Amino acid sequence: MLSEEFSKEMWDCWRDVSVAYGTFAKKMGVDTSELYVVDALWDEPEGLSQRSICEACDMGKQTIGAICKRLAARDVVVAHAGQADKRERIMALTDEGREQWRLPVESMRELEMKAAGAIGVEEGELFIRVIKQYAKTFQEEVQR
């Protein structure tokens with residue numbers, strides 16, 4: 001496959017995955033961006049800084065700030081000052097938030113495991129290597 005064809009196919013695949021997550025969120029009755037933030041916090045009982053959430057979700061500071069504000073208004077997350085830097089805002093799921101989001105997060109992760117299982121071990125390892133190489137090369141070219 002020519003590089004241009006590969007690049008278009010890669011972009012189409014990326015979009016298809018994004019659409020799948022959006023469709024899943026809609027089916028669950030939740031906002032896709034909120035789902036990404038809650039998922040980033042799910043395995044972090046102590047919470048994450050807003051900067052870490054930005055990195056995990058690949059979203060900007062203002063976007064994450066607005067999402068966290070909406071989630072806090074619904075008692076899904078709570079903010080507290082960082083231990084090392086009191087100016088840093090650490091966001092953590094509340095017990096109520098964890099209960100509200102249990103079904104969407106656990107269902108999403110179950111679907112992710114089914115999708116990964118359909119690929120197979122060898123293909124999955126190859127997939128990860130290819131994506132990592134693609135991302136690394138792309139990032140190196142961006143930095144030039």
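This is a predicted model: local features need pLDDT of at least 70, side-chain atom pairs count only at pLDDT 80 or more; totals for chains, interfaces and linings use all residues.

Me: How many helices and strands does the chain have?
Reply: The chain has six helices and three strands. Helices (H or I, at least four residues) and strands (E, at least two) are DSSP runs, numbered from the N terminus. The order from the N terminus is α-α-β-α-α-β-β-α-α.

Me: How much of the chain is buried?
Reply: Of its 144 residues, 27% are buried. Buried means under 20% relative accessible area, exposed over 50%, and partly exposed in between, with a 1.4 Å probe and protein chains only.

Me: OK, α5. Where does it bend?
Reply: α5 bends by about 55° at W101, and the proline P104 follows within four residues. The bend is the angle between axes fitted to the seven residues ending at a residue and the seven starting there.

Me: Which residues of α5 are buried, and what do they pack against?
Reply: G97, W101, P104, V105, S107 and M108 are buried. The buried residues of α5 pack against α1, α2 and α4; contact means heavy atoms within 4.5 Å.

Me: New topic. What is the volume of the largest pocket?
Reply: Its volume is about 1,100 Å³. On a 1 Å grid over the protein atoms alone, a pocket is an open set of points where a 1.4 Å probe fits, with protein on both sides within 12 Å along at least five of seven lines; lining residues have an atom within 4 Å of a point. Grid points are joined across faces, edges and corners, and the volume is the space filled by probe spheres set on the points.

Me: Which element gives the most to the lining?
Reply: α1 does, with eleven residues. The lining has 23 residues in total, and C13, V17, S18, Y21 and F127 lie nearest the centre.

Me: Last one: where are D58 and D75?
Reply: D58 is in the loop between α3 and α4, and its phi is near 55°. D58 is exposed, at 71% relative accessible area. D75 is in the loop between α4 and β2, with phi near 60°. D75 is partly exposed, at 43%.

Note on methods
Residues are numbered from 1 along each chain as its sequence is written. Side-chain values use heavy atoms; hydrogens and water are left out.
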